[in-house]
Amino acid sequence: MDYVLLTEQFLNGFQLGIILFLMAAGLTLVFGIMDLVNLSHGSMFMIGAFVGGTLALVTGSFIFGVILMIPAMLVIGIVVERISLQTLYARDHLDQVLATFGLILFFNEAVRLIWGPEGLVVPLPDFVDGSVALGAGITYPVYRIVIIVLGLLVALGLYLLVSRTRIGMLIRAGASNRAMAGALGVNIPMLFSVVFGIGAVLAGLAGLIITPITAAQIGMGEDVLILAFVVIVIGGIGSIRGAFIASILTGVIDTMGRSFLDVFLLLFLPENAAESAGPALSSMLIYVLMAAILFFRPQGLFPPKGA
Amino acid sequence: MDALRNPTNILSAIVIGLCAIVPFAAPAVGEPFYVIVFARIMIWAIAAVSLNLIMGYGGMISFGHAVYLGVGGYTIGILAFHGVTSAWIQWPLAIGACALISLIFGAISLRTRGVYFIMITLALAQMIFFLSVSAERYGSDDGLNILTRSDFGVEFYDLNHKLTMYYTIFAVLVASVFVSWRLVNSRFGLVMRGAKSNDTRVQAVGVSTYLYRLSAFVIAGVMCGIAGLLQANLENFVSPDMMDWRRSGELIFMVVLGGMSTLFGPVTGAFVFLMLSEVLASITHHWHIIFGPFLVLVVLFARGGIAGLLTPRSARE
Amino acid sequence: MNNAALDIRLEARSLQKSFGGLMATDNLSLEVAHGEIHAVIGPNGAGKTTLVHLLSGLLRPDGGQIVFEGRDITRLSASARVRRGLARSFQITSIFREFTALENVMLAVQAGQGHSFRFWRPVMQDLRLIDPAREMLERVGLGARTDVQAGNLAHGEQRQLEIAISLATDPTFLLLDEPMAGMGPEESQGMIAFLKELKRDYTMLLIEHDMDAVFALADRITVLVYGRVIATGTPDEIRNDATVRAAYLGGDETGEVA
């Protein structure tokens, strides 16, 4: 097991963790504040990739694509929230799951109608194409470093937004005590729309920034959505900090597991057994982690206050 | 009879009756294709009945229920792959596998409540899904063909015989509804329904509900696993798609569409769901664009499902 | 007070419970002797319901001990406490709204008969459940309402059902959390009479806002303020206690508590 590969895979895992965090942050806020189980968050990931990707292709600049995607997703998120989700707040979780499941079917088909079944390829912008030497013999793709840095900046921004600003104060008040926030004269429907819009932007950003690596595909958000569920279950619902830590943990463990579990198993198992068990076990690794954490802490690592 | 004046029961009787006569009626009207369609519908109906048991009567919203279709099916597929075709070995093992997995998954997920439960059942099911995808030996994504159906070793009972296969599924469906009915109305069922209605109060009369909920979870897992083993036999094929998370979502929808916490609701729900998909898919390739919003509308405006719509307003609370 | 002479059924020793930084139960001790009705009163937010939750096992104390019939039950689950005979009712009516009144009580009767892993026989043909449940409903005055869905019962009737469920678990001790909450004066009188009758068979800890009821029923009264016991005594002692008047009545020096 050489340390170059180890470092690379660690960074890959970290980068997956960043993507997961961008998804999980919106999901956990929407759930923590509005008590809404929102499967269609996965669709926001996909729509961000398609809309942003198209904007990038039209303007010829990936950066413009990202910048223009932000207001676009804010609007799309708020429209979706106003039209279809507002009535769901008062409903039970079952209704929310089903209705947002219906939205996923709708969005997937709508994207298929607009962009066709093949998906959308967005080229990697020139200035981040290529790799950079990190020293000690390690080279790493520039674009993945950009993703990591961008994700960390967003995480920091989100942290400042929630802990330092007025809207952040309202978000925290809403998350811990909705009735009290209402009594303080907060415009709750407005707050919900804004939070949902922010969540949609974050999910869309996540979808867009991995598009140069994976291409935009129909249904691309769903596997990420389920991983993000694992993340917020581990991190504790409603906690941004929990979402961040659990995202990185999940991303790193999943990626490292896929690369090194078979090597690790060779220590205990004969070669052919290790080679066949490796991929199977590594795909289960994060779920085992989730089960283990829940066994000791049913509310996740950072349980919501007052629960 | 009071029961016959209830439109829901009449509809259920019609659906069950239809299932009973299709092998003779369909060829008679020149649509033999419907025999296989109905066989498929009945398998989904069994799965939906099993989900209704825990979701409708026990309040446990499992978003990973289709995984037991996969576990039941793959047990048959893998055994057949290795040359074990005797039903006397296959079926008990398939049932045992589903019991074991639902026991483990239930033990973990029932420690939590509400939305955590929904997400964890989904995630655990996804784990088995990815396991099947990564199992190259058994076909990964492409699935696994099953060359011979389960063999009972007796001449008069052969699943390769079309009618035998069909009526086996029919019998299992009727049995699963009957078993649900007995369970729901038993002492066990009273605790289960009580835990759905007001879990704290059940604890406060001295019953720790965990083991009851877990038992119900395992019973439902096994019942769904039987649907899976039937599906493997009917299609001569298993694939990860059987336990895709969307299948779990569709199962939930079937139950809600037909009428949650009603005995026959899941059966009519499965019937209407699959027939509607069939019809919509024949109209347009992009039928999900209609189906998605339809699902949303059902949730928003027809909460009681078909059973709710058929029940006169005065008879509701 | 001579403790040695009393048969103490339930005892709380230095219970502590805080939520966040807020002390809901602060070094609380009390004793309930066999056959008595021990009332706990106090202004809103005094931690009365928290006390019931702690005693019944819905909440775990941060510190202290709960002893029931001579055994430490601090670590027992809520359901295990009920099986030992410590039943409770809820301030906010806690019934099975989708069930009929009869089914509500049947579930409690069934719980008292041991485990419920009986999967096949319909409960509605099970006379071992139906007969005692009917009897209990008669006893609380709901004999004519057995087949009504609990959610459709009048508020007062739901309160009666609440008590019936608790009684049906065959307890020796009742923790009653404001049994008269939301009742009209007439219904309250009925409930007072009923509780008096129950006193022959059960020891009770009664949380109640209605002071008429408390002074009509209680043998002893404990006064809580901010989670602390500020006084315990007979109704007369409490009535004339200066601390109670000062703290609880906000300096009303003219009359009695009631």
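Helices (H or I, at least four residues) and strands (E, at least two) are DSSP runs, numbered from the N terminus. This is a predicted model, in which local features need pLDDT of at least 70, side-chain atom pairs count only at pLDDT 80 or more, and totals for chains, interfaces and linings use all residues. Residues are numbered from 1 along each chain as its sequence is written, and chains are lettered from A and ligands numbered from 1 in the order in which they are written.

**View 1. Bend and packing of helix α2 of chain B.** Helix α2(B), residues 7–28, bends by about 70 degrees at B:V22 (the angle between axes fitted to the seven residues ending there and the seven starting there). The proline B:P23 follows within four residues. Both B:V22 and B:P23 are among the buried residues of α2(B), with B:T8, B:L11, B:S12, B:V15 and B:C19 (buried: 20 or more other C-beta atoms within 10 Å of the residue's own, C-beta atoms being placed from the backbone). These buried residues pack against α3 (33–55), α7 (162–185), α11 (265–283) and α13 (305–310) of chain B, contact being counted when C-beta atoms, placed from the backbone, lie within 7 Å. Just after α2(B), B:G30 has a positive phi of about 80 degrees.

**View 2. Kink in helix α10 of chain A.** A kink of about 50 degrees is centred on A:S259. Helix α10(A) has 26 residues (240–265) and should span 38 Å at 1.5 Å a residue, which agrees with the 35 Å between its end C-alpha atoms; the expected span is 1.5 Å times one less than the number of residues.

**View 3. Domains of chain C.** Domain 1 covers 1–85 + 171–258 and domain 2 covers 97–169, with bounds from an automatic or database domain assignment. Their contact takes 7 residues from domain 1 of chain C and 6 residues from domain 2 of chain C.

Key:
Buried ≥ 20, exposed ≤ 12 C-beta atoms within 10 Å, placed from the backbone. Contact = placed C-beta atoms within 7 Å.
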